[in-house]
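Opening my notebook on this one. I want to go through the surface, the core and the sheet in turn.

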Amino acid sequence: MCIWALVTITKWTKQKQVMEGDVEPNGCTPLLAYVAREKRASHPHHFKAGALNVLLRVSGTMSNSPYILVLDCDMYCNDRSSAKQSMCFHLDPKTSQSSFAFVQFPQRFHNISKNDIYDSHLRSTFNVLWPGQDGLRGPILSGTGFYIKREALCNSPSFSQDISEVRTLYGRSNVFITKLNQGYKLDDFTSLPWSLQDEARSLASCTYEEETKWGQEVGFMYGSVVEDFFTSLHRLHRQGWTSAYLDPPRPQFLGNGVTSLNDLLVQGTRWSSGLIDVALSKYTPLKYDTSSKMSLLQTMCYSLLALFPLYCLPLWCFATIPQLCLLNDIALYPKVSTSWHFITFIFIFLSSTLKFLQDVLRAGGSIQAWINETRIWMIKAVTCHLYGTLDAVLKKIGYREASFMPTNKALDEEQVKLYHAGKFNFQASDMLVGPLVFVVTLNVISLVFGSARAFFFNDWDRMFIQICMSFYVTIMSWPVIEAMLIRKDKGRIGFEVTLKWAGLCLGVLLLGSVLIRPV
């Protein structure tokens, strides 16, 4: 698990002194405390959301700071003015302070290569989606790099509430409840009393949340491994909170981007599973609630992200069905001779492709960046998006429990060398690499035999589009072909993996030749 840091933000004048390093010996210097929560196999720890809620409680009794910074363990502050910039939103008198929740910075990485073969910088998310949502009551929480108001996660109890009801919400700690009643203002202290240390141990225990509303009505939401998306949807934006996206020229926070295909696909599987979890839950954004304070457009944005892993379905169809039909002499698309239908089809395909290229170039990318992003999109769709969707569906019907597979951020020397050389590292699980071998084998075979049939029987008119589709998938999959047949380094695809999944592909082709007949 990652270690999460909550930074205390003081009053504006003292905060300015801290950030500029001009602090009196007895001034308001932030107190750093390391918190290790208790875990037991018999108690659910709720992954990252559970860790964040522990820190919410512990920091509430120690500093009770009104604003909190959340960072991943591999990220560091690259600009000390980040707090000041975020406070320009939180303390802006023109902003509705009663409903403003957080300022989200983009994730930036210090170890991304020039080629960025794994699309680690997440350009489409932080350069397209989040700026677009900034005009619809604000972007979605991104899990790291945000300053959030404590009140947005832990509302102060009402004076009319019964004490038993308050404890059902927040737990048995009288100290924590007292702090909530006092409001969110920084406590002045220079050392940590032992009594508070004992209280902190109790708040970090694995039994504290039993019979409480933590993870449901208080704190970060439980029930999905994408707790940031879930919390942003149900606890914040649906309740009327707003947010802002801030992307200054100088990156405020820097972290480690993934530098191996295995880490990328493991991370993608986890995100896909979590998003589909939310889409299939009772909190799904697909159900537009008239009592919700979200607009219809904002609801549609959440729905788009929640269902994004389902791209695996059309991509698998795109990569297999036309190819199987090509091998069995079945035409699916307009003939070249029917010029109007053919031109319409080509126009739709090229316009979508060129629009994506325009987005990449406007964001400062290159033709190679566009190829890399398209390639990774296709790879993710046929692997981690598929597995993540299946994982969420199996959990929904009760076949398996939720799992959390943290991405490996340790940098292996050989792995980094391959990454900076622009070569894919296919040393990953057979289940992650196997579908790539299957799809590539199918497309190469269909391209070779389909082109041969069209050449000998002069059948280009009927099969031209399907041949082009096989050619397109084959060209975009060149790194996979190279790793299967040419490369000899450690990043190649193992011979056994190639043999097993290519054999499975041949079996499917034989079965298809029996079941699929030309009309």
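**Surface patch**

I started with F456, which is exposed, with a relative accessible area of 65%. Keep in mind that this is a predicted model. I placed F456 in helix α17. Next I looked up what F456 belongs to: a nonpolar surface patch of about 680 Å², made by V336, F455, F456, F457, W460 and F464. Two elements give two or more residues to that patch, namely α17 (430-456) and α18 (460-476).

**Core**

Then I went inside. Which residues of the largest nonpolar core touch the most other members? I got Y118, L261, F424, F426 and I493, out of 45 residues in that core. Several helices supply at least two residues each, among them α10 (261-280), α12 (312-327), α14 (367-382) and α20 (495-515). α17 and α18 are also on that list. The most comes from α17, with nine residues.

**Sheet**

Last stop: an open sheet of four strands, in the order β1-β5-β3-β6, with mixed pairing. β1 (67-70) and β6 (242-245) stand at the edges; each has a single partner strand, so one side of each is left without a neighbour in the sheet. On average, neighbouring strands here are turned by 20° against each other, direction ignored.

How many bridges join β3 and β6, and in which sense do they pair? I noted four bridges in the parallel sense, with β3 covering residues 100-104. I also looked up F102: its bridge partner in β6 is S243.

Methods
Residues numbered from 1 in each chain as written. Predicted model: local features only at pLDDT ≥ 70, side-chain atom pairs only at ≥ 80, totals over all residues. Heavy atoms only, no water. Pairing = 2+ DSSP bridges. Axes fitted to C-alpha atoms, helices over the stretch in contact; angles between N-to-C directions. Patch = residues over 30% accessible without salt bridge, like charges linked within 9 Å, V, L, I, M, F, W, Y side chains within 5 Å. Areas by Shrake-Rupley, 256 points an atom, 1.4 Å probe, with all protein chains shown as cover. Salt bridge = Lys/Arg side-chain N within 4 Å of Asp/Glu carboxyl O. Buried < 20%, exposed > 50% of the residue type's maximum accessible area, 1.4 Å probe, protein only. Core = buried A, V, L, I, M, F, W, Y, C linked by side-chain atoms within 4.5 Å.
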